[in-house]
Amino acid sequence: MVVSVTVAFVLLGGWWFILFVTGIVGWTSYELWQLLRRAGYQSSLLITLLTALAAFFTVQPSDLALPIPFLALTLALLTSLAWLLPRVPSRCFADWAVSFAGGFYLGWAGGHLARLMALPPDGRWWLALTLATAWSADSAAYAFGRLFGRHKLAPVISPGKTWEGYVAGIALSTIAGFVIGQLSPLQPISCLITGGLVGALSVFGDLVESTIKRQAHVKDSGQVIPGHGGVFDRIDSLLWAGVIVFCVAMMELNLPIF
């Protein structure tokens with residue numbers, strides 16, 4: 001269901017896809033806020049949500065010299081700092097930091113997923129490359145790690161991950177990149193390299209979320225997706241994959257990143 005809904009919005013494209021990713025970023029901000037509260041921080045949902053949305057739209061292309069989302073991000077920074085002043089000083093700065101940084105992380109990385117849609121020659125292929133490589137890496141790492149995993153990748157953070165699964169994830173992600181390169185108008189060599197990079201680096205998105213969940217003493221970020229946990233659980237690797245694919249695309253297209 002998760003895959004089919006995502007693919008449907010990718011095919012719709014345009015503002016439909018941007019609104020879809022915006023909703024994901026917004027809901028993930030809520031899940032992150034809950035995790036931070038469970039971890040003992042008096043974080044602010046408003047700061048996390050507004051910062052996430054401001055960062056998200058700052059990443060989107062704009063013809064304005066000083067886009068409104070950039071001003072909104074600046075305003076979120078300054079007003080959220082003012083918010084901490086009347087609070088009890090023991091941990092007020094830490095509470096502010098996790099609220100702002102968490103929102104910025106989700107909005108900034110998630111914004112790259114939406115911006116891929118605007119890239120030539122057809123943004124849907126860049127998104128297909130992102131989804132295919134990230135999902136392949138996750139699936140191979142899970143399946144191969146369960147069957148053949150012996151050496152722990154990050155035992156303190158995520159005991160279930162193994163080096164064997166990690167290598168399998170890189171291999172299948174690279175193959176997925178190769179396949180997309182053959183089917184799409186994108187450069188095959190770029191897709192192949194992207195597959196390897198996503199397989200090697202997107203796991204850090206998973207480890208980041210695992211670290212937060214470990215501090216919160218929970219297994220899943222939420223229960224919104226029956227049998228799959230929360231939205232954050234589904235997009236943790238995609239957050240990194242989107243940034244990786246975007247940077248590769250900018251180099252291939254010889255375009256400035258911002």
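Is S80 buried or exposed in this predicted model? S80 is buried, with a relative accessible area of 2%. Here, buried means under 20% relative accessible area, exposed means over 50%, and partly exposed lies in between (1.4 Å probe, protein chains only).

The model is predicted: local features need pLDDT of at least 70, side-chain atom pairs count only at pLDDT 80 or more, and totals for chains, interfaces and linings use all residues. Residues are numbered from 1 along each chain as its sequence is written, and side-chain values use heavy atoms, with hydrogens and water left out.

**View 1. S80 in helix α4.**
S80 is found in helix α4, residues 68–84. Helices (H or I, at least four residues) and strands (E, at least two) are DSSP runs, numbered from the N terminus. The side chain of S80 makes a polar contact with the side chain of W96, at 2.7 Å. A polar contact is a pair of N or O atoms within 3.5 Å; within protein, one must be able to donate a hydrogen and the other to accept it, and residues adjacent in sequence count only if both atoms are side-chain atoms. Neighbours within four places in sequence aside, S80 is in contact with I47, L75, W96 and F100. Contact means heavy atoms within 4.5 Å. S99 is 19 residues from S80 along the chain, and their C-alpha atoms are separated by 8.9 Å.

**View 2. S44 in the loop between α2 and α3.**
S44 lies in the loop between α2 and α3 (45–59). S44 is buried, at a relative accessible area of 11%. Which residues does S44 touch, not counting residues up to four places away in sequence? They are W33, W83 and S99.

**View 3. Helix α2 against helix α3.**
α2 and α3 pack at an angle of about 150°, and their axes are 9 Å apart. That makes α2 roughly antiparallel to α3. α2 passes α3 in a right-handed crossing. From α2, the residues W15, I18, V21, T22, V25, G26, S29, Y30 and W33 take part. They meet L45, T48, L49, A52, L53, F56 and F57 in α3. By class, this contact of α2 with α3 has 12 nonpolar, 4 polar and no charged residues. Ala, Val, Leu, Ile, Met, Phe, Trp, Tyr, Cys and Pro count as nonpolar, Asp, Glu, Lys and Arg as charged, and the others, Gly among them, as polar.
Axes are lines fitted to C-alpha atoms, for helices over the stretch in contact, and angles run from 0 to 180 degrees between N-to-C directions. Angles under 35 degrees count as roughly parallel, over 145 as roughly antiparallel, 65 to 115 as roughly perpendicular and the rest as oblique. A crossing is left-handed if the near helix is turned anticlockwise from the far one by less than a right angle, and right-handed if clockwise.

**View 4. Helix α2 against helix α9.**
Helix α2 (residues 14–38) packs against helix α9 (residues 203–216) at an angle of about 45°, with their axes 7 Å apart. That makes α2 oblique to α9. The crossing of α2 past α9 is left-handed. L32, L35 and R38 in α2 meet I212, K213 and A216 in α9. This contact of α2 with α9 has 4 nonpolar, no polar and 2 charged residues.

**View 5. Q60 in the loop between α3 and α4.**
Q60 is found in the loop between α3 and α4. Q60 is buried, with a relative accessible area of 11%. A polar atom of the Q60 side chain lies 2.9 Å from the backbone oxygen of G111. Beyond its neighbours within four places in sequence, Q60 is in contact with G111, A114 and R115. Q60 and I18 are 42 residues apart in sequence and 9.5 Å apart in space, C-alpha to C-alpha.

**View 6. T194 in helix α8.**
Helix α8 (residues 188–201) holds T194. T194 is buried, with a relative accessible area of 0%. A polar atom of its side chain lies 2.6 Å from the backbone oxygen of S190. Leaving aside neighbours within four places in sequence, T194 is in contact with L129, V245 and V248.

Most residues other than glycine have a negative phi, and most peptide bonds are trans. A cis peptide bond joins P120 and P121, with omega about 0°. P121 is found in the loop between α5 (92–115) and α6 (123–148). H217 is not a glycine, yet has a positive phi of about 60°. H217 is placed in the loop between α9 and α10 (231–253). H217 counts as exposed, at 73% relative accessibility.
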